[in-house]
Every structure is written in C-alpha cells, then in structure tokens.
Amino acid sequence: MNSSVNDNRTSRWGLRVLGLGYIAVLLVAPLILLFYKTFEEGLAPPWEAITSSDGLHALKLTLLTVVIAVPLNTVFGVICSLLLVRHKWKGNWVIDAVINLPFAISPVVIGLSLFLLYGKQGWFEPGLAEAGIKILFSTPGIILACIFVSVPFVVRETVPVLQEIGTEQEQAAETLGANGWQTFWRVTLPAIRWGVAYGVVLCTARVLGEFGAVSVVSGNISGETQTLPLFVEKNYENFNLPGAFGAAVLLALLALVVLMAMNLLKRKEAS
Amino acid sequence: MGISVEGANKSFGDFQALDDVSIEVPDGSLTALLGPSGSGKSTLLRAIAGLEELDTGRVVIDGEDVSTKPTQKREVGFVFQHYAAFKHMTVYENVGFGLKIRKWKKDKIRERVDELLNLVQLPGLADRYPSQLSGGQRQRMALARALAVQPQVLLLDEPFGALDAKVRKDLRTWLRNLHEEMNVTTIFVTHDQEEAMDVAGQLVVMNQGRVEQSGTANDLYEKPANEFVMSFVGEVNQLGDSYVRPHDIEIVGDKDENTEEAMVQRIVALGFEIRVELVLADGNEVWAQLTRQELQRLELREGQIAYLRPVHAKSFNGSPPPNSPGASTPPGSTDGGDAEITAAA
C-alpha cells in the first residue's frame, strides 16, 4: 500500500517537474531574458524607441489592423458557422476545408498569393489602378493579409458550440412568436457568446502578431507600412537593439492582455 | 380550437415518417398521440406546430388552413421533451419571452408571469436560472412559457419522457387538472400507454407512420381494430389465431371443447396480482393474470397440467389494410371488422 502511494507521489512530482521545466526553459526563460535585455539600461532607451514617430506609427497601424480585421472576421465567422451547422448542404465540406486553409498554408505563401492577385499584372490590378486604389505596399494590403490569416479562428470556436446547443431553444423561440432575426439576437447569439468571444480573442492575438504575410505585401516602409512586428524586425536588423526590444516587449504585453481576457472568459464560461 | 390534419405525408430520405395520416382533434379536448418510437407521432405534432413541413396534406386549426403559415404565426404553445429552456435567461425571462416579443408593457409582463408561476406552482423561483431547477420544475417552467402567450392549442412532445417515475406520475395528474382548468385544446405525444390512458380523453394510436385507431381508452382496450393496437394498449397473449388478454384467461380443472391444455411453468406473486406462466401443447407460452383468491381456490402448483378457457378472445382476419380503421373515425365506432369469439360457458 505504502509503496504504491509513494510511487504515485514520485511519478506525480516527476511529471510536474518535466512539464514545468519544459515550459520554463522553452517559454518563460526567453521572455524573461527579453524583458531583462530591454530594461538593462533603464526605461529611457526602449521608451524613446517606441515613442519615436516610426514606433508610434507602427503601433497605430497594428491597432488599426486589429480594429478592422477582427470585427470583419467575427461577423463573417458567425454567419459562416450558422451556414455550416444550421443549413445542411452537400457542399458544406468544401466550405469547411477552405476555411481551414489559412491554418495549413504558410503565411508567406498567403502574402505571395495576394501579391499575384493585386500586384502588377495581377488579376485585379487593372481595375484597381483605374479607380486609383492602391492595395499593395499600403494599409489595405496589410489588412487583407491579416484578415486572410485569421479567418478560421471564430468559425472553429463557434461551430462546436452551435452544434452542442442544438436547435430546440431556437424552435422554442419560434413557437413563442420570435422571427429569425429575434431568435438569433435573443437566443442563438447569447447561447454561443463565449465560443464567439474565445474565437475573437484568438483572432486578435493572431492579427497583432502577424509577420510573414504582412511582410510580403506591405513593403515594410518605416512610418508608412510598418506594423509592430515589422518594426521589431527592422530595428533588430539595423542593430538598434533598444528599439527592437522595446517594441517586442510592447507586443508581448498586448498579447498578454489578450490572453488574460481569454482566461477571464474561460472562467466566466465555467461558472 | 379544433385541429385537423388531412392526408399528411412526410418522408425523411427513404424513411416514410407520415403515411397519409388524418386525425381530428375536437375543440377543448386532451388527446394523446400514442405509439412506439419511429411511429411518426412526434413528426405529426411538429407538423401541426409548423416545425416540420409536410410533403403533402393540410393542417387546419380552428377552421383555418395553416399549412403554409410559419411557426411563429400559428399561435401554438409547444413543450419539448428536453425542456428547451433558454439557459442564459432566468425563469422570469423564460416565461416572459413570448410577451416581450409581443411588445407587452413591463408591468403587464410582470403581472402575467407571476400569475403563471403560481399556476405551475413555481412561485418565488422567478430569479433562478434553469440550471438551478430540477427536471420537473424545468418542465413546468417550459409549460408556463408556452401558456404565457395564450396559445390556441397546446402541443406537448413526450413532456415527461426525461423525468423519473415518481415525478412523472405527479405531473400527469397535475397536467390533467390544469387542462380542466384552462380548457385549451391539447395534444400530447407519448410512447407510454398507461400515461396516455391516465391523462388523455382521446387517444390516437400510431404505428409506422400510420394511424391504427383512434378513440377513448375504453374503445381501444375493448375493441382494438387490429393486433397491433391490442398488443400496444395492454398485455396480450396469442392463442392460435386469436388474441386474449391475460385477465381474460380462465383456468379450470376439467377439459371441454373450449379449453386448451397447458402446463403451469411458473407462478409469480406480484402483490395482489398473480402471474401464472404456462406452456401450451404446441410449445407457445402464455400467461394468465389471477387474483390471490383465485389462485388459492384453484390450488395451482408449478409443473401441473391445467385447462385454459379464453374469454373475450379476438381474431383479426389477416393483417389490417393500411389506415383502415381509426383514421378520422369518431370515437366509439371502431369495430374494424374483428370477430369476437366468446367461449360458451
């Protein structure tokens, strides 16, 4: 008896040390080092880098991208989930597979494909040039790239919740006189809200940090088409370490806020 | 508000859920749709509510053809087997949902919801969430929610199916009383014949998408249209080509031309009722229901030979043609062409 209890305790501690050690070495240590390096010479150098006009512009551009891409993908994600779950149709598996594409394809490839579509000799280029709209090397291109890479999150989080709640509550609302619109706002959406919110959080985190696709389509012009991740990379390449580290810490903090929001939601969902 | 369904057909792929079904539900009645699972009873109920679209046929409520009317305009109260409670709303918000949709004033809603919560015996639980209620309470809340909008008809889909036996029995009595009080035309679906007979005034027996028979509990029990109805509504034994209820088998000591020889295999005492299991000469098994006194008088023992005399045995000539009796026949006129063989005493 005693030895089996001890064995149990040993194996439990063993697993704990292994798991925590893995996280400590591979996840926590690099982040601590990043913070340490950033503030090694005080607050001033990173602060100056971030509040430089290029730094502030990068921050603004990143936040603008989030503010546009996330709501669009949320609305699309909810509509798409309803389509997949509530309107059974033979072609649904195609939609389902296509939505997963951004998960499977490297962001660089996504950037290149946008390049082919909107760049010189691209399909859409003649029309857009005529209308005087510039997509590549400007803000619209960056937003398009971010929308592309973050499409699946809301759908993937919402579909299982929609399946789980079933259709009975919606049918009950119908028998009580609610039309489709009223049923959606009063019954369906409140029932799936934590799933949607979870998808929004993941989508936001992805848009904040997107590098590959954006770096292909944006041109990485300081003060114009440079998002925070691109700002980090450029400063790093130019040996401006305080600037790189400062922006990196800022990105990490934004991500942390998003992750904390996610944990709060999880807790709320559980209660 | 009477309800009638005329020539309803509905298929799901290859499965024919409703096969030319017609029923007539009188105004103010409490009617049970009774049948095994897959018999089409729930589909029929959902078609009346508009939750299922018929392939062909009509649904008429209070003289008006509502076949093309969407559910939200049919003014039906619907209660689901698994309650379909709005989980993110309180009991109060659940019951008041239909009123809010109809843009009632707040104080009017408060008044009506309080009245209904009293009616369904849930006063004081208005601020709870459905997850904080028991199954029986949830179902009563769902009923209050359906009744709030004063529906023309009330439709209940296996309303007690998810509850335990004790709560079921209480709710049955309660539903019957409620119906007497409210007098709303009510249809409820069940697979439990005892429940149907206990609660409903009129029963419609369904099987394989068809109506087998409709009538009062007595009609169905005394004059079943075919062997399906006979065996579904109560217990039944098969003796040759005829069918007999276990309490209609007399056990006698001497043989004559109306008796069948059988061996007593097992005697089971179930309180007042005694169940005697017998094997016939042809190897078929039957059972007879006796009272304690009858058993003592007969002095039956396991293993002995006894003689059975069926009283009120019924034979049905072949299998019944599809939707022969029952369909839209008024209660009490369901003879269905069966011959009654009564043993000469």
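Me: Which residues in α13(A) does α10(A) meet?
Reply: This is a predicted model. On the α10(A) side, the contact uses Trp194(A), Ala197(A), Tyr198(A), Val201(A), Thr204(A), Ala205(A), Leu208(A) and Gly209(A). They meet Leu251(A), Leu254(A), Ala255(A), Val258(A), Ala261(A), Met262(A), Leu265(A) and Glu269(A).

Me: How many residues of the contact of α10(A) with α13(A) are nonpolar, polar and charged?
Reply: Glu269(A) in α13(A) takes part in this contact. Glu counts as charged. By class, the contact has 1 charged, 2 polar and 13 nonpolar residues.

Me: Is α10(A) roughly parallel or roughly antiparallel to α13(A)?
Reply: The two axes come within 10 Å and cross at roughly 170 degrees. Angles over 145 count as roughly antiparallel. So α10(A) is, relative to α13(A), roughly antiparallel.

Me: How is α12(A) oriented to α13(A), roughly parallel or roughly antiparallel?
Reply: Helix α12 covers residues 228-237 of chain A, and helix α13 covers residues 241-270. Their axes come within 8 Å and cross at roughly 155 degrees. That makes the pair roughly antiparallel.

Me: Is the crossing of α12(A) and α13(A) left-handed or right-handed?
Reply: Residues in α12(A), including Phe231(A) and Tyr236(A), meet residues in α13(A), including Ala247(A) and Leu251(A). The residues of this contact divide into 10 nonpolar, 2 polar and no charged. The crossing is left-handed.

Me: Which elements of chain B each supply at least two residues of the side that touches chain A?
Reply: Chain A gives 14 residues to the contact, and chain B gives 19. The chain B side has 10 nonpolar, 6 polar and 3 charged residues. The elements are β6 (76-79) and α2 (91-101).

Conventions
Residues numbered from 1 in each chain as written. Chains lettered and ligands numbered in written order. Predicted model: local features only at pLDDT ≥ 70, side-chain atom pairs only at ≥ 80, totals over all residues. Axes fitted to C-alpha atoms, helices over the stretch in contact; angles between N-to-C directions. Helix = DSSP H or I, 4+ residues; strand = E, 2+ residues; numbered from the N terminus. Parallel < 35°, antiparallel > 145°, perpendicular 65-115°, else oblique. Left-handed = near helix turned anticlockwise from the far one by under 90°. Contact = placed C-beta atoms within 7 Å.
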